[in-house]
Amino acid sequence: MARKALGLRVGALVVAGLFLASGVLHLVNPGAFMWLMPPWLPLKTELIVISGVMELAAAIGLIFKQRWAPVLTVITLLAVWPANWWFAIDSLTSNPDIALIAWLRLPLQIPLLYWAWKAPVQPRQNS
């Protein structure tokens with residue numbers, strides 16, 4: 001029903017929903033994401049907040065079918081992917097209990113990238 005009301009494809013709706021939830025969490029509790037951050041990154045809290053803002057902007061853009069939203073969403077997903085790779089590799093030795101989840105997350109970003117790129121957008125207005 002939500003998909004029909006928004007006029008979004010299921011994949012775009014999934015990406016928008018995940019980005020809305022994650023973006024809010026990034027802003028409400030950035031410290032909860034600190035353990036996912038590679039040690040070599042500077043300004044970790046600031047990067048977490050920026051990624052949360054980008055996720056919220058991308059989600060809102062997808063919901064309102066803005067032409068820039070698929071590109072912003074893909075850029076955001078690609079920007080955080082290196083940190084996800086670092087976390088998956090690091091978890092093998094630092095937290096083996098989480099390693100399986102960390103490694104399963106990596107291929108899940110591929111359909112998110114595809115769904116974001118294929119998200120419907122409003123047609124251009126002729127002036």
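Predicted model: local features only at pLDDT ≥ 70, side-chain atom pairs only at ≥ 80, totals over all residues.
Which residues is Thr 73 in contact with, leaving aside its neighbours within four places in sequence? The points below take up this question first and then the rest of the chain.

1. Residues are numbered from 1 along each chain as its sequence is written, and side-chain values use heavy atoms, with hydrogens and water left out. Leaving aside neighbours within four places in sequence, Thr 73 is in contact with Val 15, Phe 19, Ala 58, Leu 62 and Ala 116; contact means heavy atoms within 4.5 Å. Thr 73 belongs to helix H4, residues 69-94. Thr 73 counts as buried because its relative accessibility is 0%, where buried means under 20% relative accessible area, exposed over 50%, and partly exposed in between (1.4 Å probe, protein chains only).

2. Overall architecture. The protein chain has five helices and zero strands, and from the N terminus on its elements run α-α-α-α-α. Helices (H or I, at least four residues) and strands (E, at least two) are DSSP runs, numbered from the N terminus. Taken along the principal axes, the C-alpha atoms fill a box of roughly 55 × 25 × 25 Å. Of the contacts in the protein chain with a separation of 6 or more, 65% are accounted for by residues 24 or more positions apart.

3. Surface and burial. Buried residues make up 37% of the 127 residues in the protein chain. The chain exposes about 7,900 Å², and carbon and sulfur atoms supply 72% of that area. Accessible areas come from the Shrake-Rupley method with a 1.4 Å probe; for residues, only the protein chains shown count as cover.

4. The pairing of H2 and H3. Two packed helices are described by the angle between their axes and the distance between the axes. Here the axes of H2 and helix H3 (residues 44-63) come within 8 Å and cross at roughly 150 degrees. Axes are lines fitted to C-alpha atoms, for helices over the stretch in contact, and angles run from 0 to 180 degrees between N-to-C directions. The residues of this contact divide into 15 nonpolar, five polar and one charged. In this count Ala, Val, Leu, Ile, Met, Phe, Trp, Tyr, Cys and Pro are nonpolar, Asp, Glu, Lys and Arg are charged, and the others, Gly among them, are polar. On the H2 side the contact residues include Val 15, Ala 16 and Phe 19, and on the H3 side they include Ala 58, Glu 55 and Leu 62.

5. The largest nonpolar core. A nonpolar core is a set of buried Ala, Val, Leu, Ile, Met, Phe, Trp, Tyr and Cys residues joined through side-chain atoms within 4.5 Å. The largest one holds 27 residues, of which Val 15, Ala 16, Phe 19, Leu 62, Leu 77, Phe 87 and Leu 113 touch the most other members. The elements that give two or more residues to this core are H2, H3, H4 and helix H5 (96-117). H4 gives the most, with eight residues. Not counting residues up to four places away in sequence, Leu 62 touches Leu 8, Ala 12, Val 15, Ala 16, Ala 69, Pro 70, Thr 73, Ala 116 and Ala 119.

6. Positive phi in two loops. Most residues other than glycine have a negative phi. Leu 43 has a positive phi near 50 degrees and is placed in the loop between H2 and H3. With 58% relative accessibility, Leu 43 counts as exposed. Lys 65, in the loop between H3 and H4, has a positive phi of about 55 degrees although it is not a glycine. Lys 65 is partly exposed, at a relative accessible area of 21%.

7. Arg 9 sits in the loop between helix H1 (2-6) and helix H2 (10-28) and is partly exposed, at 48% relative accessible area. Ala 83, in helix H4, counts as buried at 16% relative accessibility. Ala 83 touches Leu 36 and Pro 38, not counting residues up to four places away in sequence. Ile 101 is placed in helix H5 and is exposed, with a relative accessible area of 52%. Ile 101 and Leu 27 are 74 residues apart in sequence and 23 Å apart in space, C-alpha to C-alpha.
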